[in-house]
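Hi,

Here is the structure I said I would pass on. Have a look at it first, and then read my notes below.

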Amino acid sequence: MAMAQSPFDLAPQGENAFARITHNVARVAEVPKPPRGWYIAFGIALSLLSVFGVSIGWLFWQGIGIFGNMNPVFWAMPIVNFVFWVGIGHAGTLISAILYLLRQNWRTAINRFAEAMTIFAVICAGIFPGLHVGRPWLPYWMFPLPNQMSMWPQFRSPLEWDVFAVGTYFTVSTLFWYMGMIPDFGTFRDRSTTKLRKAIYGALAMGWRGPSRQWHRYERAYLILAALATPLVLSVHSVVSFDFATAQLPGWHATIFPPYFVAGAIFGGFAMVVTLAVPARQFFGLKRIITVGHLELMAKIILATGMMVGYAYSMEFFIAWYGGNDYEMFTFFNRALGPYAWSYWCMIFCNVVSPQVFWSKKMRTNPWVILGVGVLVNIGMWFERFVIVITSLSRDFLPSSWGYYKPTFWDFSLLAGSFGLFFTLFLLFCRYLPMVAMAEVKAFHPSAHGHGDEHH
Amino acid sequence: MSHHDDDLHGLLAEYETPSALVAACKKVRDAGYAKWDTYTPFPVHGIEKAMGIRMTGLPWIVLAAALVGLASAVGLQWWTNAVDYKFISSGKPMWSIPANVPVYFELTVLFSAFAALFGMLILNNLPEPSHPLDHLQAFGRVTDDRFFLYIEKGDAKFDLAETQRLLDGTHPVTVDAVNEDRRTSDQLPKPLVLAAAVIAVVALVPFAFIAKARATKTDKPKIHAMGDMDWQIKFQAQQPNPLFSNGMAMRAPEPGTVAMDEHPDDEHLTAGKVDGQFVRTFPASVTIDDATMARGRDRYQVFCAPCHGVSGNGDGPVAQRAMTLAEGTWVPPTALGQDYLRQMPVGQLYDVVNNGVRNMPGYGSQIPVDERWAVVLYLRALQKAKAAPVGELTDAERAALK
């Protein structure tokens, strides 16, 4: 290849396994120039980000009339996008926390950038409720701030629970992410060749030098955070599902929603992790750290959660029939055969059919197949939220109030723009922050045993 | 190695592998040292025991924070929704456990997470900007691939020769003497302090503006952040509008539009009264003919018959249904053929149609004024039909009754 002289194609240097891990990861942030693919991706991401900026500017100037929202579909793409991004943001903490508690040591290769992905996805998600309230100078009303009107949020509403769930999730994920990076910032600081890098990474590392007495408390804190984040990650999408499940609308008012949403979030989140991991390991020469074995494990999780989601889809139909409610039955009949049937079958194909290729070992060990399925699942999970929100609202109880919702240009430009924000943040993260948790990878290396063999 | 005792801070041994370090730890621990530590690129498992590190109290700090978070969530929701600003939403109670559980959970986790991170940093004395070890070139590999053991001179058991011998016996790569850090100032860098001071002052400016705005009054209109919501592109009442021939934005009502007070001067017609007394004659503008009678019959059957019945016996379908349900609160509709109603002035009957009486609502807003009088006319016809004297009947009718 033309890029053969790229530093990422050279074998990692170092006299032992630990040094090779350090070098492999740290060089991503240390080489003078990132690979060409990074520049191309960053250019695209920045263009989309500017689309986001322009769209938000126009929205604030003109008002939410630029959306396609109409009677009866008052909740439309802004909510679809919000739920989509929050769902993506679940894999990171799942990998960090739940797999940590389950002692799944393979997570160390991917947890750091899955966590980063989580935080950036939650940032994208958090923007949409702020945008769709229509009064961009008033979203602070969502928070319990003392004011002269003595007007407080309404804590009996699931929308207010959302504010607390998503806010807590973002904060705890950020703390968890930052805490995990402290030792790696120390590595970056000690390898710095310029004063500026030393100052910045030094400040971020807060004087971490790796004393065992500190490691002891650090590990305890990490375990506690993992134990806290595990129920948290399950609670967040449950609360998001309450936004729908506590309403009376056929197609929303279902007790299956919390587990169904959580399974879907993990499914979509893992799809996004592989979508990012496959190109990242290719560009940055991390194939020795994020191995095909890791990708295969993630493909298995995608297959498993995809089947759970498929089960939920069919169970919704079963309950609609078994419950004997005419409106509920109509809603599901309408989903599969009504005017939005195209979106329903698109969702079924992407979420239920496409992951089935992972039954084949050959397919789930091919990074490009995994990438393809990952992209399809992302599309499918977006359509899942579209199907839930739009089909239920557009045809509810009274045929006289039915309608057909069509998104506008600005609905799509905001969705595309949010991808710009996500990828911009992610690419900056790849370039400037430790992309793999070096200390954790080293700790699980065979030569890390404190009382094992003398040498690797 | 020759050192001035004053300058010495401690002794540092370097190891290549974690297992060598752990073996050394056991020896140092057993020798009874207290002010020492090991430095590693990753947490070496089993080293806590080898060093004799006791379990940290961090979980208790987190538990305390969790309880504070839970109490805050209870207090916040109770105070804001059940005490300070009560309002009913969807018929839910002002204060109940189930609706408030999600926020209890979230704030408990939030407070705990802050305690876990910041508790860990505080217990670890972080941030720690400088350390005497920083000036050793070799120590830079502590975050990469090397393992170190450091004994401070401040330890009660520290003796340069003795400690050196102990460390040499643990098969280190090297043992180095570490000097006191006399180069690094214990003051924060001047530019940093200056920048922090400037930022702190600038950060107060918005609050100063808010404080000023709250304390002063103005006669200027408020600031409109998004003008197009306050000044919409539309014509309002009393504004000129060049589109219409009369140049006014307001339009005249459609022909046939009924105003509530269409004939304000004709009290006989609109109120059924003259000089405060109910009238006994129909207004002059109401023509008594078959057409009016037919219209009155039609309106009667739409508006009156559901309760009073088609023949005016008070047995309309609504009344029958109410009697079937026998709910006890039902006041039966009046039978219209009763004597007192036959004696009642037409003006008063009109008033009942117009404004209602007892449980009956007024129909003035639903029936135009002329048709109200037509209903009264038809009522009179019904009453007459119910109690007609024999002399007023035709021969054929009299024959039919026999």
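What distance separates the centres of domain 1 of chain B and domain 2 of chain B, taken over C-alpha atoms? It comes to 92 Å. For orientation, the domain assignment of chain B puts domain 1 at residues 7-182 and domain 2 at 267-401. Do keep in mind that this is a predicted model.

Now for the nonpolar cores. The largest one has 192 residues, and the residues with the most contacts inside it are A:M117, A:V172, A:F270, A:V273 and A:I302. Helix α9 of chain A (residues 257-283) supplies the largest share of this core, with 17 residues. Another core, of 18 residues, lies apart from the largest one, and B:F282, B:V286, B:L336 and B:L379 are among its members.

Then there is a helix pair in chain A. Helix α10 (residues 292-323) and helix α14 (residues 367-394) have axes that come within 11 Å and cross at roughly 35 degrees. The crossing of α10(A) and α14(A) is left-handed. Which residues meet there? From α10(A) they are A:V292, A:L295, A:A299 and A:I302, and from α14(A) they are A:P367, A:I370, A:V373 and A:V377. By type, the contact has eight nonpolar residues, with no polar and no charged ones.

Cheers

Technical notes:
Residues numbered from 1 in each chain as written. Chains lettered and ligands numbered in written order. Predicted model: local features only at pLDDT ≥ 70, side-chain atom pairs only at ≥ 80, totals over all residues. Domains from an automatic or database assignment. Axes fitted to C-alpha atoms, helices over the stretch in contact; angles between N-to-C directions. Helix = DSSP H or I, 4+ residues; strand = E, 2+ residues; numbered from the N terminus. Left-handed = near helix turned anticlockwise from the far one by under 90°. Contact = placed C-beta atoms within 7 Å. Nonpolar A, V, L, I, M, F, W, Y, C, P; charged D, E, K, R; others polar. Core = buried A, V, L, I, M, F, W, Y, C linked by C-beta atoms within 7 Å. Buried ≥ 20, exposed ≤ 12 C-beta atoms within 10 Å, placed from the backbone.
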